[in-house]
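Subject: Structure handover

Hello,

The structure is below, and my notes on it follow. Please read them alongside the coordinates.

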Amino acid sequence: MLTWIALLALFLFSGATYAFGRRKAQAMAARGKPGALHSLPGYHGGYVALWAGLPAALIVLAAALFGGRMEAALLRADSPAAVQALTDHGQAVFFDDARAMAHGTQASETIYEGDLRTAIEDKAVQAKRLQQLIQYGALAAGVVVGLAGLAIAYPRISPTFRARNRVEGWIAVLFIACAVTAILTTVGIVASLVWESWRFFQSVPPLDFLLGTAWDPQIAMRSDQYASKGAFGAVPLFAGTFLIMLIAMLVAAPIGLYSAIYLSEYARPLTRGVVKPLLEILAGVPTVVYGFFAALTVGPIFREGFNNLGGLLVGGPLNGLGIYLSQVQNQMALVAGAVMGIMLIPFVSSLSDDIMNAVPQSLRDGSLAMGATRSETVKQVVLPAALPGIMAALLLAVSRAIGETMIVTMAAGLQAKTTLNPLDTVTTVTVQIVTLLTGDQEFDSPKTLSAFGLGLTLFVVTFILNVIALRIVQKYREQYD
Amino acid sequence: MPAQRDDSQARGTAPVHISVDRAYTDGPQHEVKIRARDVNVFYGDKQALFDVSLDVPEKAVTALIGPSGCGKSTFLRCINRMNDTIPGATVRGRIELDGEDVNDKAIDPVILRARVGMVFQKPNPFPKTIFENVAYGARIHGLTSSKAELEALVETSLKKAGLWGEVADRLHQPGTGLSGGQQQRLVIARAIAVSPEVILMDEPCSALDPIATARIEELIDELRHQYCIVIVTHSMAQAARVSQKTAFFHLGKLVEAGPTGEIFTNPRDSRTQDYITGRFG
């Protein structure tokens with residue numbers, strides 16, 4: 001609370017210094033000729049405001065972020081003999097409870113008696129004092145630093161002072177900081193994936209994981225239980241992922257590509273203006289909606305269709321196939337793959353359409369003027385020119401298909417099978433990660449850690465696909481720019 | 001647009017007549033190849049050409065000149081029906097190629113464009129090899145029946161375009177890797193590979209440097225002995241250098257046309273006079 005008030009006060013102070021600096025610069029500009037003042041008055045104001053506000057804000061924020069830790073460290077600096085007699089864990093609980101008493105938060109249910117009782121009461125008083133010291137100290141430091149910043153920056157305002165360059169330099173720093181945040185977050189995610197996977201690979205050898213053909217991530221509750229060791233072979237999961245991706249691409253690639261050709265080469269502007277947004281609405285449907293569409297609508301329709309077909313075949317020359325078809329279940333790779341393909345259509349068509357539109361009109365005119373028909377022009381000139389970009393779009397779609405979770409969770413099933421039969425139930429890497437990590441889990445068993453192994457492998461695969469796709473797009477851009 | 005026509009009459013300009021076109025007859029071989037009569041072109045509601053009537057002679061270069069937006073490129077695109085590819089464009093009037101109306105329902109624009117080749121302002125080689133660029137028309141129209149024949153056709157076309165010596169040893173490299181002037185000669189080779197009767201050129205040198213321009217102009221001068229060439233140009237000097245007949249367009253109307261020498265030395269219309277002396281444009 002105090003932090004927020006302090007930050008608000010600082011903001012107002014900084015705003016005031018802005019007006020202050022601006023006015024001084026304006027007064028100078030009014031006396032001189034145009035161009036006599038190097039930077040516009042606003043930049044001078046901004047410069048002063050930055051000096052007055054930024055360092056002070058950093059101090060207040062640092063106190064808010066690290067004040068608690070500082071307080072805890074100082075509190076532990078000298079501990080009474082009675083406390084030192086406790087175990088490390090006991091000491092940690094003691095100090096946590098002392099701080100909880102001081103700040104009125106939830107303490108553990110440990111009962112302190114005798115020496116410990118007086119010690120914890122002492123420490124609670126000390127914690128309260130330390131907290132106030134840190135907070136007010138930071139506040140005082142903020143005030144001093146803010147005033148010092150004003151004192152440094154304000155006198156610098158002069159007609160020749162390059163306030164604009166300074167302020168713009170700081171704005172560049174802000175941009176860099178934002179970019180670095182995104183990169184660091186990614187690095188952090190990858191690091192955590194690698195770290196947890198490494199822990200997983202200590203209990204399951206990487207080769208067993210990558211090449212094993214049995215997936216049964218059961219871990220015994222007791223060591224004498226029958227299923228004491230689970231099986232962590234990821235091959236069936238990747239096979240299932242691959243099968244569904246293949247079906248999805250068989251649906252999305254031709255439909256997406258052909259609709260892109262229609263949109264960019266044949267559609268009149270009016271038609272295009274209607275059809276393109278409609279296709280893009282398809283891209284806005286949440287995947288969970290596709291998921292229950294697959295599980296509750298498409299699945300039963302497909303099952304019924306196959307069951308009926310099977311019924312017709314039973315007793316005929318294809319009796320075996322008939323029996324198989326009449327027993328097909330709702331959950332099958334075909335349903336999940338087909339619905340995922342529909343989800344990817346706008347992705348493929350929109351990207352390919354943009355890429356084909358980027359092919360210069362002069363090439364089309366050149367081809368048409370040679371007496372080529374529109375279709376010949378598309379086949380011979382537009383598609384070859386757009387091919388690298390289209391390949392990249394398809395690769396991006398593949399990496400989305402591999403990473404897609406909701407549809408397969410709801411429509412593909414949970415049984416790990418290595419099969420290419422689209423009517424069979426399969427499971428994918430993403431589905432397994434979901435089932436491994438949902439619900440109450442202990443976070444140090446191979447069962448939960450295997451999710452990180454799967455995640456890392458998946459990440460590597462999609463990363464490679466994306467890199468290839470982006471490289472292709474880059475090469476393509478160089479050709480036309 | 002009737003309103004605009006009224007306007008022009010109000011300003012007292014002479015109504016456009018076929019008489020503005022003086023024939024170019026420098027010998028018996030220059031019969032009329034393209035005969036345009038009362039051509040009007042509309043882009044949506046906007047009229048771009050008004051009653052243009054012009055005769056284009058065979059085996060000669062006809063230059064279309066005039067300030068930007070005067071309709072000279074529009075007229076050029078009527079001849080091979082490239083205006084068909086622009087949504088909302090309508091062409092009225094008669095354009096005859098050897099006496100046949102190109103806008104006739106019986107004429108397939110695809111066949112017409114094989115007879116009337118076109119070279120654009122910006123060189124537009126396809127993203128294919130030099131060889132495939134030149135072979136393009138032959139392939140889509142099925143002009144050759146063997147590989148050797150195709151190779152011979154590519155070679156003669158490149159030679160006619162004056163490019164063979166520069167690319168003979170790199171026929172299978174991308175056409176987009178050539179310089180601007182070479183690319184423009186490559187697309188000329190591509191156009192003449194299908195043996196067209198007419199070659200339309202839409203400011204073919206405007207994206208080129210003076211040296212490349214000079215090469216293209218020489219090439220045009222050589223090609224005129226075999227083809228009927230219509231060239232749109234911004235440069236009056238170029239029109240004077242390469243053409244035998246010149247047509248001056250202004251505000252969508254054909255102001256005056258005739259043998260190039262006469263147009264440049266003795267224009268009949270004051271607007272032509274003003275334009276060629278650089279008073280507007």
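Is Lys147(B) buried or exposed? Lys147(B) has 64% relative accessibility and therefore counts as exposed (buried means under 20% relative accessible area, exposed over 50%, partly exposed in between, with a 1.4 Å probe and protein chains only).

This is a predicted model, in which local features need pLDDT of at least 70 and side-chain atom pairs pLDDT 80 or more, while totals for chains, interfaces and linings use all residues. Residues are numbered from 1 along each chain as its sequence is written, chains are lettered from A and ligands numbered from 1 in the order in which they are written, and side-chain values use heavy atoms, without hydrogens and water.

Salt bridges

Over all chains, the search finds 28 salt bridges (a side-chain nitrogen of Lys or Arg within 4 Å of a carboxyl oxygen of Asp or Glu). Lys147(B) pairs with Glu151(B), with 3.5 Å between the closest N and O atoms. The two are 4 residues apart in helix α5(B), residues 147–160, so about one helical turn separates them (helices are DSSP runs of H or I with at least four residues, strands runs of E with at least two, numbered from the N terminus). Glu151(B) is partly exposed at 38%. Salt bridges with shared partners also join Arg35(B), Arg37(B), Asp55(B), Arg94(B), Glu96(B) and Asp101(B) into one network.

Another salt bridge is formed by Asp98(B) and Lys33(B), at 2.9 Å from N to O. Asp98(B) sits in the loop between β4 and β5 of chain B and Lys33(B) in strand β1 of chain B, so the pair ties together parts 65 residues apart in sequence. Lys33(B) is buried at 6%, whereas Asp98(B) is partly exposed at 45%.

Strand β7(B)

β7(B) runs parallel to β6(B), with 4 bridges, and pairs in the parallel sense with β8(B) over 5 bridges (strands pair if DSSP finds at least two bridges between them).

Chain A

The domain assignment, which is automatic or from a database, gives domain 1 (2–161) and domain 2 (215–480) of chain A. Their C-alpha centres lie 52 Å apart. Leu184(A) belongs to helix α6(A), residues 163–203, and counts as exposed at 54% relative accessibility.

Regards
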